[in-house]
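I opened my notebook and went through this one entry by entry. Have a look at it alongside me.

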Amino acid sequence: MEANILYPDFNPCGGGEERLALATIKAISEMGIDFDITTYVEPNLSKLENAYGKSLTSVMEKVKKVNVVPTFNEDNIKRTIRRERYDININTHADLFPYYQDYFSKKNTVAYCHFPIAKKSRNLQYLKRDLRIIKDQEQESTLSNNDTDSKNKEKHFQMVKYYYENLMKNSTVITNSEFSRKAIFEAFDGSSSDSGRGIDEIQVLRPPVDVDTFRRVLLSSTNKREDDIIIVVSRIDKQKKIENAIRLAKLLKQNNIGSRMKIIGNIDYKYDLNYYLSLNQMIRDFDLEDYVTLETNVCLNNLLSIMREAKVYFHPVVGEHFGISIVEAMAAGLVPIVPDIGGPTEFVPKKYHFHNFEEAVKIISTAFNTAYTERVQISNSVSKFSISNYIEGFQKIVNELLPYI
């Protein structure tokens, strides 16, 4: 039996999506299933090991073949078709790599959908950054200003829509939260069978988080956290709404709440430099240089050190799909302050949900005094999101398909 595991790019090593892909590969390997990988870029094994550790990444040494699809277009996809079909196809990021073949079905294909962004996306950045269809600024500018190339742009969007819809309708679909599950149903007309457009069933399988590593932060810090530090952990990307954290920091400083805020995140300067510069300008405009620091591309050990000192984690995105950094912070014993809309409300205690910045300020002012015993309870509550639990859950889903393969 052979599997094809699809993931857009393992090499950024900046978030939980790569860990999910690696854990999925490990789950398949432990079942004795041989596998190929289909991706945009040859995986950098040493970089992966540095980011996620030998235990998780060593499974990449067992890959039989890496199929590289440089850009998402029909010719590249067709060139990866084997003479013989794979027994099972596993797409670990259907939204950014909506790869589809006409033999896919719910009985031989699994698609992990983080959020259905590909269903309605009309963003050129999505074509360029995520699907790699547009390769440089000149082409992007041309596509947005020229009538002929506007038609080409529309052709690209229609191609992506075709592949994405067919992938989702002809796969066993998994997602990360009830919030995302509802969004997928709504994007595909619910479970309606009219014209065959609907998706009948979506299973929720929470992403894997290295909770043990972050829990060691809590166990080593006990009651030593003396400063009232708030942290934000997020990729530096305007979709992550980091400006919300800076606006909150302005209110906190005005009310003499907290000693400082540290915003920590990886950045791809090719795409996000202007956003990064705008955040720095915002910090200066709000006179927050002594309160807010923006720290980029921080290694794991340094992140753990920062978490060891901090007391509160703030999440700036309203409508977050799941929030792996929130789980990591909770495992480390930080009090999570999250918007009252989105996937995190499914595992963050309700008393830490905020509806507006004023509510967030009030919650944070009391959260600094949270007892160590409650921090332990917060940490214990996310142990269910462990890598081992994810692997077990994914293997159960695959085992249900095996009689049909």
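This is a predicted model: local features need pLDDT of at least 70, side-chain atom pairs count only at pLDDT 80 or more; totals for chains, interfaces and linings use all residues.

Is lysine 241 buried, partly exposed or exposed? I looked up its relative accessibility, which is 39%, so lysine 241 counts as partly exposed.

I placed lysine 241 in the loop between β8 (229–233) and α11. Its phi is positive, about 55°, although lysine 241 is not a glycine.

I then turned to asparagine 256, which sits in the loop between α11 and β9 (260–265). Asparagine 256 is a residue other than glycine and has a positive phi near 55°. Its relative accessibility is 72%, and because the cut-off for exposed is over 50%, asparagine 256 counts as exposed.

**Entry: asparagine 244**

Next I checked asparagine 244, which belongs to helix α11. Is asparagine 244 buried or exposed? Its relative accessible area is 16%; buried means under 20%, so asparagine 244 is buried.

I also asked what asparagine 244 touches, leaving aside its neighbours within four places in sequence. I found Phe314, Pro316 and Phe357. I noted histidine 315 as well: it is 71 residues from asparagine 244 in sequence, while the C-alpha atoms of the two are 8.9 Å apart in space.

I took helix α11 (residues 243–254) and helix α12 (residues 269–285), whose axes come within 10 Å and cross at roughly 5°. Angles under 35 degrees count as roughly parallel, so that is how α11 and α12 run relative to each other. On the α11 side the contact is made by Glu243, Ile246 and Arg247, and on the α12 side by Tyr275, Leu279, Met282 and Ile283. Sorted by class, this contact has five nonpolar residues, two charged ones and no polar ones.

**Entry: α10 against α13**

The crossing of α10 past α13 is right-handed.

I listed the residues that meet: Thr213, Phe214, Val217, Ser220 and Ser221 come from α10, and Leu300, Leu303, Leu304, Met307 and Arg308 from α13. By class I have six nonpolar, three polar and one charged in the contact of α10 with α13.

**Entry: α14**

How many of the residues in helix α14 (residues 324–331) are buried? The answer is eight of eight, so I wrote the helix down as mostly covered. Among these buried residues I marked Ser325 and Glu328. Just after α14 I came to glycine 333, which takes a positive phi of about 90°.

**Entry: aspartate 9**

Last, I went back towards the start of the chain. Aspartate 9 is in the loop between β1 (2–6) and α1 (16–30). Its relative accessible area is 13%, so aspartate 9 is buried.

Which side chain makes a polar contact with that of aspartate 9? I found arginine 132, at 2.9 Å. Setting aside neighbours within four places in sequence, I have Glu18, Thr39, Val41 and Arg132 in contact with aspartate 9.

Conventions:
Residues are numbered from 1 along each chain as its sequence is written. Side-chain values use heavy atoms; hydrogens and water are left out. Helices (H or I, at least four residues) and strands (E, at least two) are DSSP runs, numbered from the N terminus. Buried means under 20% relative accessible area, exposed over 50%, partly exposed in between (1.4 Å probe, protein chains only). A polar contact is a pair of N or O atoms within 3.5 Å; within protein, one must be able to donate a hydrogen and the other to accept it, and residues adjacent in sequence count only if both atoms are side-chain atoms. Contact means heavy atoms within 4.5 Å. Axes are lines fitted to C-alpha atoms, for helices over the stretch in contact, and angles run from 0 to 180 degrees between N-to-C directions. Angles under 35 degrees count as roughly parallel, over 145 as roughly antiparallel, 65 to 115 as roughly perpendicular and the rest as oblique. Ala, Val, Leu, Ile, Met, Phe, Trp, Tyr, Cys and Pro count as nonpolar, Asp, Glu, Lys and Arg as charged, and the others, Gly among them, as polar. A crossing is left-handed if the near helix is turned anticlockwise from the far one by less than a right angle, and right-handed if clockwise.
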